[in-house]
Amino acid sequence: FQGSARAPEGFSLPDALDACSTDLIKYGGHPAAAGFSVSPTKLGSLHKGLINFSDKHYKREINLSRSITPEALIRLKDIDWPLWKEIEELEPFGIGNPQPLFWASNCNVVKRKLFSSRHLSLTLKQDNHIKTAIQFNSSRTTGIADNIDIAFKINLNNWEGRSIFQLEIVDLRPHLKTSLITRGDRSYKCYLKEKNIISIIN
């Protein structure tokens, strides 16, 4: 198999691939982007090795005052192969060309669990469509509302011969029927009425 990788600022892909070199046929790149070849029998070992390297060498700084600006509101049912092809046309992602950020509203949390003791996995349902979402370096399983809004990136997870869409959670919040939007020195309350009509109160 051949693969490509992109990394956030502060994470070195060459160092990560060096640490997993015994599982790779060949590899190369720079801190923000890299490519590699791997035998199908080594995928599981490579996956574990990269997670272990990330746990030891990459600590995401969380800024509680940050704001996030997703590019589009989408439904889980909209995450399909045609959308994925459009995302691929925007590659390569990296500094100066970030991966598109989406958000989805009122997702029901069907299941939550931790893997590798540090990463949160959520099974989300919306309009009878189910997707798996991952939040790296997040060890919480409690305090998450049953219905949430999430900001996320869309990734393709290739595992045991299957390709499935996986949402990489950038942030999440409890779903509220009313949202507060601030523009300049003015604030507006917005809520969704029947037949998808948006009401705005200032």
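## Gln166 and its surroundings

The side chain of Gln166 makes a polar contact with the side chain of Asn157, at a distance of 3.3 Å. This value, like those that follow, comes from a predicted model. Gln166 is placed in strand β9. Its relative accessibility is 17%, so Gln166 counts as buried.

When neighbours within four places in sequence are set aside, the contacts of Gln166 are Thr132, Ile134, Lys153, Ile154, Asn155 and Asn157.

## Aromatic pairs

The model contains 3 aromatic pairs. In one of them, the ring centres of Trp84 and Phe165 are 6.2 Å apart and the planes meet at 55°, so this pair is classed as tilted. Trp84 belongs to helix α3 (residues 81-88) and Phe165 to strand β9 (residues 162-174); the pair thus links distant parts of the chain, 81 residues apart. Trp84 and Phe165 are both buried.

A further pair is formed by Phe102 and Phe152, whose ring centres are 6.2 Å apart with planes at 35°, so this pair is also tilted. Because Phe102 lies in strand β5 (residues 102-115) and Phe152 in strand β8 (residues 147-159), the pair ties together parts that are 50 residues apart in sequence. Phe102 and Phe152 are buried.

## Nonpolar cores

The largest nonpolar core has 24 residues, of which Leu122, Leu124, Ile148, Phe152 and Ile154 touch the most other members. Two or more residues of this core come from each of α3, β5, β6 (119-126), β8 and β9. Leaving aside neighbours within four places in sequence, Ile154 contacts Ile74, Ile79, Leu83, Trp84, Ile87, Gln99, Phe102, Phe165, Gln166 and Leu167. This list includes Trp84 and Phe165, the two members of a tilted ring pair.

A second, separate core comprises 13 residues, among them Ala7, Cys20, Leu24 and Phe53.

## Cysteines

The number of disulfides in the model is 0. Cys20, a member of the second core, has a relative accessibility of 3% and so counts as buried. Cys107 has a relative accessible area of 0% and is therefore buried as well.

## Arg112 in strand β5

Arg112 lies in strand β5. With a relative accessibility of 27%, Arg112 counts as partly exposed, because the buried class requires a value under 20% and the exposed class a value over 50%. The C-alpha atom of Arg112 is separated by 4.6 Å from that of Leu122, although the two residues are 10 residues apart along the chain. Leu122 is one of the residues that touch the most other members of the largest nonpolar core.

Two polar contacts involve the side chain of Arg112. A polar atom of this side chain lies 2.8 Å from the backbone oxygen of Ile144. The side chains of Arg112 and Asp146 are joined by a polar contact of 3.5 Å.

Technical notes. Residues are numbered from 1 along each chain as its sequence is written. This is a predicted model: local features need pLDDT of at least 70, side-chain atom pairs count only at pLDDT 80 or more; totals for chains, interfaces and linings use all residues. Side-chain values use heavy atoms; hydrogens and water are left out. Rings of Phe, Tyr and Trp (its six-membered ring) pair if their centres lie within 6.5 Å; planes under 30 degrees apart count as stacked, over 60 as edge-to-face and the rest as tilted. Helices (H or I, at least four residues) and strands (E, at least two) are DSSP runs, numbered from the N terminus. Buried means under 20% relative accessible area, exposed over 50%, partly exposed in between (1.4 Å probe, protein chains only). A disulfide is a pair of cysteine sulfur atoms within 2.5 Å. A nonpolar core is a set of buried Ala, Val, Leu, Ile, Met, Phe, Trp, Tyr and Cys residues joined through side-chain atoms within 4.5 Å. Contact means heavy atoms within 4.5 Å. A polar contact is a pair of N or O atoms within 3.5 Å; within protein, one must be able to donate a hydrogen and the other to accept it, and residues adjacent in sequence count only if both atoms are side-chain atoms.
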